[in-house]
Each structure stands twice: as structure tokens, then as C-alpha cells.
Amino acid sequence: MTPEQVRTVRQVRLTGPRLAIREFRLTPEDTAALHAIFGDPETARYLPFEPRDEEECADQIELYLEEAEKDPRTVYRLAVTLREDGPEALPIGNAVLGLEGQRAATIGYALRRDTWGNGYAGEITAMLCGFGFGTLGLHRLAARVDPANTASARVLARAGFQPEGRIRHDLHLRDTWHDSLLFSLLEEEWVQPAAGRG
């Protein structure tokens, strides 16, 4: 595989010890579940957009499905569910992997507020690393984090991501400029989970 070549996956289905990641569906249930995440001002505090209403969330899912059909596919915006709830489980979060540069991508996630503190962010990060480095054959993953979002910075550090520095005035939102902390992980630094761990 050359540096420019990245595999494309049409239907993503990832499973971890407690979580599963799948494509979003344009249904009232998935729309309401996404709204429970993106519509919550506390959850949206560290996201690069204002809280969204339910109609905007339906528009977002429509966009996600359009992006999934592009060839080559350059972004994966995916629903995070509880594995124990089965294949029809409603999203409790979203995960994103967006390709950029040569065999590189940025990752991110957001979880419904009542699921915080369960270690799910670390599991999502591990699954995105496996998908990016393993399935897609990427060389580098990066993540941007608001400096005040110390919980996400800790998640990335535990996953092996290295701090690269501070991007000053990276985002203008709510009439204020916000800095970002940049983290990255290279394929040779990634520690694959032991076999049989899901």
C-alpha cells in the first residue's frame, strides 16, 4: 500500500468489550439519540459547534449517510451503542474518524452525559485505533482537545497518544477564540489489544 492508498469500508461494525460501533440510521430513534448528545449544552461544551436541535440532528445523520457512500470514503461518523443491548441498540454516543493527509486521520467522540465516568471514551478510542491502523491501514492518528477538557486528554494519553503542542485560536465559537491541544499516535506506537479481548 502506498502512502496515498487507504482502504474504504462501506458498512462499519466494530465491537469492544462493552460497546459496539455501527453506521447511523436515519430513523426517529437514532435522531432522538443523537439529539440527546448534540442537543445537551454540557456535552456540546467541548464540541466544535453549538448545541443542535432535533431537526439539525436528522440533517446530520442524512449527511453521515451521504458521506458513507462517497468513493473513496473520507469520513466515518458512527453510532456508539452498548453491546449488551444487541444490534438494534440506540446510540449513546458518536465516534468520528476523518481521513486527511497521507494515510492519516483525526479521531473524536462524544458521549451522552449520563454515560460519562464509565471508561467508555477509552474503549471508543481503542476501537477507532484498531479500525484506523488495522482495517484502514493508516500510519498516523491525531486528535484535537480543548485545553479545559482534561478528561479527554487523559483518555488519549492512556491510549498512547503523544502531545504535539497547542494550536492557538484554532476555533472561533460562541464569540470566543479557543485553543486546541494536538495529540498523535503512529502505527508503530500502537499497542494492539491482546487476542481474545473482543
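Q: How many of the residues of the chain count as buried, as a percentage?

A: Of the 198 residues of the chain, 43% count as buried, and this figure, like every other value discussed here, is computed from a predicted model.

Q: Which helices and strands make up the chain, and in what pattern do they follow one another along the sequence?

A: The secondary structure comes to 5 helices and 8 strands, and along the sequence these elements follow the pattern β-β-α-α-α-β-β-β-α-β-α-β-β. The chain has a radius of gyration of 16 Å, close to the 16 Å that the globule rule gives for 198 residues, so it is as compact as a globular protein of that length. Taken along the principal axes, the C-alpha atoms fill a box of roughly 40 × 40 × 35 Å. Among contacts with a separation of 6 or more, 64% come from residues 24 or more positions apart.

Q: How should I read a helix such as α3, and which of its residues are buried?

A: The general idea is that an α-helix has 3.6 residues a turn, so residues three or four places apart point the same way. In this structure, helix α3 covers residues 54-69, and its 16 residues reach 23 Å from the first C-alpha to the last, close to the 22 Å expected at 1.5 Å a residue. Its buried residues are Cys57, Gln60, Ile61, Tyr64, Glu67 and Ala68. Seen down the axis of α3, these buried residues fall within an arc of 120°, so they line one face of the helix. Glu55 and Glu69, on the other side of α3, are exposed.

Q: What covers the buried residues of α3, and what is found at the start of the helix?

A: The cover includes β2 (19-23), α1 (28-38), β3 (75-82) and β4 (93-99). At the start of α3, a side-chain oxygen of Asp53 comes to within 3.2 Å of the backbone nitrogen of Glu55.

Q: Is Asp30 buried or exposed, and which residues is Asp30 in contact with beyond its neighbours in sequence?

A: Asp30, which has its place in helix α1, counts as buried because its relative accessibility is 2%, where the cut-off for buried is under 20%. A polar atom of the Asp30 side chain lies 2.8 Å from the backbone nitrogen of Arg25. Leaving aside neighbours within four places in sequence, Asp30 is in contact with Arg22, Phe24, Arg25, Ile61, Leu90 and Pro91; of these, Ile61 is one of the buried residues of α3.

Q: How should I read a strand such as β2, and how many bridges join β2 to β3?

A: In a regular strand the side chains alternate between the two faces of the sheet. In the case of β2, 5 of the 5 residues are buried, so this strand is largely enclosed by the rest of the structure. Strand β1 (residues 13-15) runs antiparallel to β2 and is joined to it by 3 bridges, with Leu14 standing opposite Ile21 in β2; the two strands form a hairpin with 3 residues between them. β2 and β3 also run antiparallel, joined by 5 bridges, and the bridge partner of Ala20 in β3 is Thr81.

Q: Where does Glu189 lie, and which residues is Glu189 in contact with beyond its neighbours in sequence?

A: Glu189 lies in the segment after β8 (176-186), and at 36% relative accessibility this residue counts as partly exposed. Leaving aside neighbours within four places in sequence, Glu189 is in contact with Gln162 and Ser184. From C-alpha to C-alpha, Glu189 and Ile167 are 23 Å apart in space, and they are 22 residues apart in sequence.

Definitions and conventions. Residues numbered from 1 in each chain as written. Predicted model: local features only at pLDDT ≥ 70, side-chain atom pairs only at ≥ 80, totals over all residues. Heavy atoms only, no water. Helix = DSSP H or I, 4+ residues; strand = E, 2+ residues; numbered from the N terminus. Expected span 1.5 Å × (residues − 1). Buried < 20%, exposed > 50% of the residue type's maximum accessible area, 1.4 Å probe, protein only. Arc of directions from axis to C-beta. Contact = heavy atoms within 4.5 Å. Polar contact = N/O pair within 3.5 Å; in protein donor to acceptor, adjacent residues only side chain to side chain. Pairing = 2+ DSSP bridges. Rg over C-alpha atoms; globule rule 2.2 N^0.38 Å.
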